[in-house]
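This briefing concerns one protein structure and is meant to be read with the sequence and the coordinates at hand.

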Amino acid sequence: MLIYIAGSGAMGCRMGYNLHKAGNDVIFLDNWQEHIDCVKENGLKITGDVEETVQVEMMRPEEATREADVVIVLVKAMQLPEMMGKIQGIVGENTKILCLLNGLGHEDVLKQYVPEKNILLGVTIWLATLVGPGHANLAGTGTIFLQSLDKSGEEVGRQVAEVLDNAGLNASYNEDVMPLIWRKAAVNGTMNSTCALLDCKIEELFASEAGLKIVNHIIDEFYEVAIAEGVNVTREEMAEYVEESSIKAAHHYPSMHQDLVQKNRATEIDFINGAVYSKGQRLGIETPYCELLTELVHAKESVLKI
Ligand code: NAD
């Protein structure tokens, strides 16, 4: 099985490293030339739970020629259309695209490039950091749940889950992955933009009475839109998952804080709170908290000239 990692940043390195170590045929694709050059010259440096440098194949997407069995897309959400356009040369009739991005609505983008039967949607709680070009920090553990968008892709979807699981990634096929995607999106939707705008850690947001009030309004909005979309989730489950995640990650800054405040990079806001706002608009549901948070994050991006 030839597996491409399309987007070899923090998470791409996490998945690709495990798959490579488990003996799979893995090719890493990326657009960041400095990162590719470092990996070609010195190998991919891994620190964290293990310290080693592995020799892996990394190239630009347009340089790849062998037809893929599976492509795991792990770019940031706003980079997805560009990456899907660039990998068309390696996507065959049966190539499966596994999407593990945070956020909502990626299936609508993927459907513009590949048939539904070849799309696997998933969600992961693994964590990773790209320390610099050619260097990823991989620590802790996580899970992956995935499902084929179309029933006809289920058998191969199960095989892909098995390959990931055999690589130590705790992956399994799930017959209703959408609620899991939504509850993870609710975690990101409550903590990412708020902590980035307030410049605070997750525990500081949750220790604040006003912060908690905002969190609860955001959960309401995610829940109402999810239900209107036919997602099988309860508000209680969503709120519990947000609370559990806030306790586990209490001492951390969420990834949007790292992107926006620490690294001055564009955020995935349009695919988190922004997605709930635009879905809400289409469904006739008011989502004023998601709308305002999306605008504030965009305003911050423009203040920072990102
Ligand atoms: P990332 O920013 O590390 O990498 C995404 C892309 O940006 C890669 O192509 C990478 O090479 C490029 N990039 C990174 N730093 C760059 C720089 N300084 N200059 C130029 N290019 C640069 O993103 P990620 O954290 O791997 O996230 C990928 C997806 O996985 C996102 O949807 C994210 O929300 C999701 N996710 C991430 C984590 C995590 O812990 N990192 C956890 C769960 C889900």
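The model is predicted, and the structure holds 12 salt bridges, while a search of the whole structure finds one aromatic pair.

**The second largest pocket**

- The second largest pocket holds about 150 Å³ of space, and its lining is made up of 15 residues, among which Gly 105, Glu 107, Leu 121, Met 178 and Ile 181 lie nearest the centre.
- Two or more lining residues are given by each of helix 4 (106–110), strand 8 (119–124) and helix 6 (178–198), and the largest share, three residues, comes from helix 6.
- Sorted by class, the lining of the second largest pocket comprises eight nonpolar, four polar and three charged residues.
- Both domain 1 (2–173) and domain 2 (178–303) take part in the lining of this pocket, each with at least three residues.

- Lys 86 and Glu 82 form a salt bridge through their side chains, with an N to O distance of 3.0 Å; both residues belong to helix 3 (residues 80–86), where they are four residues apart, or about one turn of the helix.
- Lys 86 counts as partly exposed because its relative accessibility is 26%, and Glu 82, with a relative accessible area of 44%, is likewise partly exposed.

**Salt bridges between distant parts of the chain**

- Asp 220 and Arg 235 are joined by a salt bridge whose closest N and O atoms are 2.6 Å apart, and this pair links distant parts of the chain, with Asp 220 in helix 8 (residues 209–228) and Arg 235 in helix 9 (residues 235–248), 15 residues apart.
- Asp 220 is partly exposed, its relative accessible area being 27%, and Arg 235 is also partly exposed, with a value of 25%.
- Lys 279 and Glu 229 meet through their side chains in a salt bridge of 3.2 Å, N to O; here too the pair links distant parts of the chain, Lys 279 lying in helix 11 (residues 273–283) and Glu 229 in the loop between helix 8 and helix 9, 50 residues apart.
- Lys 279, at 7% relative accessibility, counts as buried because it falls under the 20% cut-off, whereas Glu 229, at 38% relative accessibility, counts as partly exposed.

**The aromatic pair**

- The one aromatic pair found in the whole structure brings together Trp 182 and Phe 222, whose ring centres are 6.3 Å apart; their planes stand at 75°, so the pair is edge-to-face.
- Because Trp 182 lies in helix 6 and Phe 222 in helix 8, the pair ties together parts that are 40 residues apart in sequence.
- Trp 182 is buried, with a relative accessible area of 1%, and Phe 222 is buried as well, with a relative accessible area of 0%.

Definitions and conventions
Residues numbered from 1 in each chain as written. Predicted model: local features only at pLDDT ≥ 70, side-chain atom pairs only at ≥ 80, totals over all residues. Heavy atoms only, no water. 1 Å grid on protein atoms, 1.4 Å probe; cavity = no way out; pocket = protein on both sides within 12 Å on 5 of 7 lines; lining within 4 Å. Points joined across faces, edges and corners; volume = space filled by probe spheres on them. Nonpolar A, V, L, I, M, F, W, Y, C, P; charged D, E, K, R; others polar. Domains from an automatic or database assignment. Salt bridge = Lys/Arg side-chain N within 4 Å of Asp/Glu carboxyl O. Buried < 20%, exposed > 50% of the residue type's maximum accessible area, 1.4 Å probe, protein only. Phe/Tyr/Trp six-rings, centres within 6.5 Å; stacked < 30°, edge-to-face > 60°.
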